[in-house]
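Subject: Structure handover

Hello,

Here is the structure for you to look over. My notes follow below it.

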Amino acid sequence: MTSDSENESVFYTACMMNCGAGYACVLKGHLRDGRVVRIEADDRYNPGVGREDAVLSEEDLLKGKLQSRPCAKGFVFHNYCDSPDRVVYPLKRSPGSRRGEGKFVRISWDEALTTIAGRMKVAREEYGPYSVMAARNAGPRLMRLFQLWGAGIDSWGGSSYDAASMMAHIVAGDNAQYLPETGTGSAAELLTHSKLIVLWGLDPAVTVMAGPSHQLAYWIKLCRERGKQVIIIDPRYTASAEALADQWIPIKPGTDLAMFAAMCYVLLKEDLWDKEFVTKHVEPVGFEKWKDYLLGREDGVEKSPEWAESRCSVPAETILALTRLAATARPAWLWCAYAVNKKSHGEQTMRAFAALQAMLGYWGAPGGGPIFLCRRHHLLSPFGVSLGPGGDYRVPKSYRSHQWAQGILLLEEVRSGELSEKDYIRMVGWKGSPAVLRGFNPRVFLWSVGSSGPYERNYLVTTTDSANDEVRAMEKMDFIAAMGTMITPAAKYADIFLPTIQRPFEDRAIAVCDRGAWTTIAFMPGPVKAPGEARSELWIHVKLAEKLGIDPRKYFRYYTSDESWDIDYERYLKDCYQQIAADFKKRDFDVPPWEEFVGGKFINCDEMEYGLPRATYGDEISQGKAFKTGSGKVEVHSAYIADGSNRGKSQHLDPLERPYNFLQNDWGDMPPMPAYRPGVRGMDDALAGEYPLMLLTTHSRYRVNSWLWETPWLRDHVYQHRVWINAADASSRGIEDGDLVRVYNDRGAVVMPAYVTSRILPGVTVIHHGGQYAPDESGVDRGATGATLLGGDFESCVTPIKASNLVQITRAPTAHHEG
């Protein structure tokens, strides 16, 4: 930390927003009287320079010697931390109050932890080891506690890219738990090799969602200035479509597979496909089945551009021209972003895109774009030394994370005989032994304990199932414990609430960005003293373990005493960094010593990676290594899925005896190769007769899920929470801009102002992800979170989350809203 003036000191830290940039942004904070008073942009490189590429050499530009500037969210984060709504003492629900009222009284840490541990023990004794459940993305801290304690059950999967991860394993044999171990290239590769950029469902100017670098929109702008054409395919005319694209192609949501199939059809019919690549790297029997499907030999229907137009609304001539361009402007950087797959049959959309990339020969091609996910892997180091030996108990990860509420609600129907166990397993995405299901008796709900950040703690807003169903599920619990920094709508249902410290200003930590953005390793110095009695999540789990009868040194081997906590934790951090440093040293890279790293000298992996090949699956393609599939090649058709005897097994193993991490016991009607089917609760579903508008819940420029909703600097004139509706759809309903409208379906209803616009395809509507769940006495959500309207798809494969649904919009009784 350095001195900026007599009264202020300056520090650098990493932004902790889970926006997809993966902690890549650097914040320059100004500290006065123990508080962060303002945030400035990163100035470690090129200080005082606005347009950095104008002063950098080409080599330094490609090495990523650029300021890692934050977006609006990062600049106001200190305002969020200083919120008057911050909880800084342990709380319990007020005696006599109902869950959801949000009435709490202050208690001591000892009472809070003793109460939680006591309720956990009673549940295990009376109802068995599977009576204490975690919600979604519980995290390693709670899983470690369950392992050492010998009881507990958890969900499986995340939210953003599970469909892609599933297909990375099935198609390419890539079985990394969350992100494929073989990632795509870098922004340097995009800038130097790609001749064309085509993005499906991505708005990098707003969401900063991953990509091959931090600030992907900036790199795309550089590409365009160098003559590379940019095409964006999206139902919305986004900020990126306006500012970055040469062409915007609107498409019906959930129909991208039809477009990919038609592009593959054109490649075949016009002999534009890369025969050499396919012959060498694609399993031939399955590829012939794919060709049969495209050419109509299977069903008598050719998957031509005209066929696709009738399904996705993209003109046939546009599909034809785009295919020819992608096949000739080589290499073309194509990306099917995560949002495209967050719908019914999203896993098949991902597989069809992988087949398209294979037919173009872009697997392993420098500048060819990602196949499944954007992530660089070459310099990722092992991070995080062990907290200590694990326990013997293997925590079941049984119900799909976004189906946790249905896992509770539908269980009653199974026990009453109204629903078969087989149907339950399919509907909630159950993985593992049915014996665990028969012992599943949820009573204690550890809501968010062990999650990795406050953006995951408002489940009623951030999950993709009906908030109304989630409330019903929580009300069935005997006891709920939660942790966080504020009483969110979901936290109002807790019996005990534990206050946590807030990253990045109050917690010392090492931030490793490895989510596709420029890979930065940074230190968060935690210069602000946590208010009140707020504690770190690690401390909370250590002390809860102690209350459960577990030696705290067994949970955290660095622990000596509460009085020495800061010293013990610093030893842990230093060992974590030494592990990283040793790994880099093996590869002849120098990193700063611990003292300099703690002082603000970050590690820029882009600089170290300069000159390394970083193409997707480059080792398999350029070096001829076999893919880890049964055939050793890319498999467009899955023999495992085609074998009906595998469906329903309690464990699915690939040909190398590795588990398919994202494949539930019963995958429903998922076909063995990509085939277009109208999405469940999509625009061509019969339900559209009653609910004719397709709702998308896209991310906002000013929110990370619901996080920062409370921040006054990002409200009112900066961001107004409105439902987007096309001008033609609004006119037919008598809706004008600013009118209060009711958005509803069979899952719930919200009331909010309308934003009437021509920037969205007719028949499509948008409520930005976030909002606050605030039901009135009739159950209508006045906080207007899109999650209230989600859920209800119990037919298609559960691996892709469903962040869309069908809705209707009408004028609300009070029809006009000012502001």
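Asp33 is exposed, because its relative accessible area is 74%; exposed means over 50%, buried under 20% and partly exposed in between, with a 1.4 Å probe and protein chains only. This is a predicted model, where local features need pLDDT of at least 70, side-chain atom pairs count only at pLDDT 80 or more, and totals for chains, interfaces and linings use all residues. Residues are numbered from 1 along each chain as its sequence is written, and side-chain values use heavy atoms, with hydrogens and water left out.

Back to Asp33. The residue sits in the loop between strand 3 (26-32) and strand 4 (35-41). Helices (H or I, at least four residues) and strands (E, at least two) are DSSP runs, numbered from the N terminus. Asp33 is not a glycine, yet its phi is positive, about 55 degrees. Most residues other than glycine have a negative phi, and most peptide bonds are trans.

Ala784 is another non-glycine residue with a positive phi, near 55 degrees. Its place is the loop between strand 24 (764-767) and strand 25 (804-816). Ala784 has a relative accessible area of 2%, so it is buried.

Two cis peptide bonds are worth a look:

- Arg330 and Pro331 are joined by a cis bond with omega about -5 degrees. Pro331 is in the loop between helix 15 (316-328) and strand 12 (332-336).
- Arg503 and Pro504 are joined by a cis bond with omega about 5 degrees. Pro504 is in the loop between strand 16 (496-499) and strand 17 (509-512).

**Helix 4**

Which residues of helix 4 are buried? They are Trp109, Ala112, Leu113, Ile116, Ala117, Met120 and Ala123. Seen down the helix 4 axis, these buried residues fall within an arc of 125 degrees, so they line one face of the helix. The arc is that of the directions from the helix axis to the C-beta atoms. Exposed Glu125 and Glu126 are on the face turned away from the buried side. Gly128 follows helix 4 and has a positive phi, near 95 degrees.

**Helix pairs**

Two packed helices are described by the angle between their axes and the distance between the axes. Axes are lines fitted to C-alpha atoms, for helices over the stretch in contact, and angles run from 0 to 180 degrees between N-to-C directions.

Take helix 5 (residues 140-149) and helix 22 (residues 537-547). Their axes come within 10 Å and cross at roughly 10 degrees. That angle makes helix 5 roughly parallel to helix 22. Angles under 35 degrees count as roughly parallel, over 145 as roughly antiparallel, 65 to 115 as roughly perpendicular and the rest as oblique. Arg141, Leu142 and Leu145 in helix 5 are in contact with Leu538, His541, Leu544 and Ala545 in helix 22. Contact means heavy atoms within 4.5 Å.

Helix 17 (residues 404-416) and helix 21 (residues 467-475) have axes that come within 9 Å and cross at roughly 60 degrees. Helix 17 is therefore oblique to helix 21. On the helix 17 side, the residues in contact are Trp404, Ala405, Gln406, Ile408 and Leu409. Their partners in helix 21 are Asp469, Glu470, Arg472, Ala473 and Met474.

Helix 11 (residues 256-269) and helix 13 (residues 284-294) pack at about 100 degrees, with axes 10 Å apart. Helix 11 is therefore roughly perpendicular to helix 13. Ala261, Cys264, Tyr265 and Leu268 in helix 11 meet Trp290, Lys291 and Leu294 in helix 13.

**Two buried loop residues**

Gly296 is in the loop between helix 13 and helix 14 (305-312). Its relative accessibility is 9%, so Gly296 counts as buried. Gly296 and Tyr265 are 31 residues apart in sequence and 9.9 Å apart in space, C-alpha to C-alpha. Leaving out residues up to four places away in sequence, Gly296 touches Val301, Glu302 and Lys303.

Thr629 is in the loop between helix 27 (618-622) and helix 28 (639-642). Is Thr629 buried or exposed? Thr629 counts as buried, at 7% relative accessibility. Beyond its neighbours within four places in sequence, Thr629 contacts Val171, Ala172, Gly173, Glu635, Pro655 and Leu656.

Best wishes
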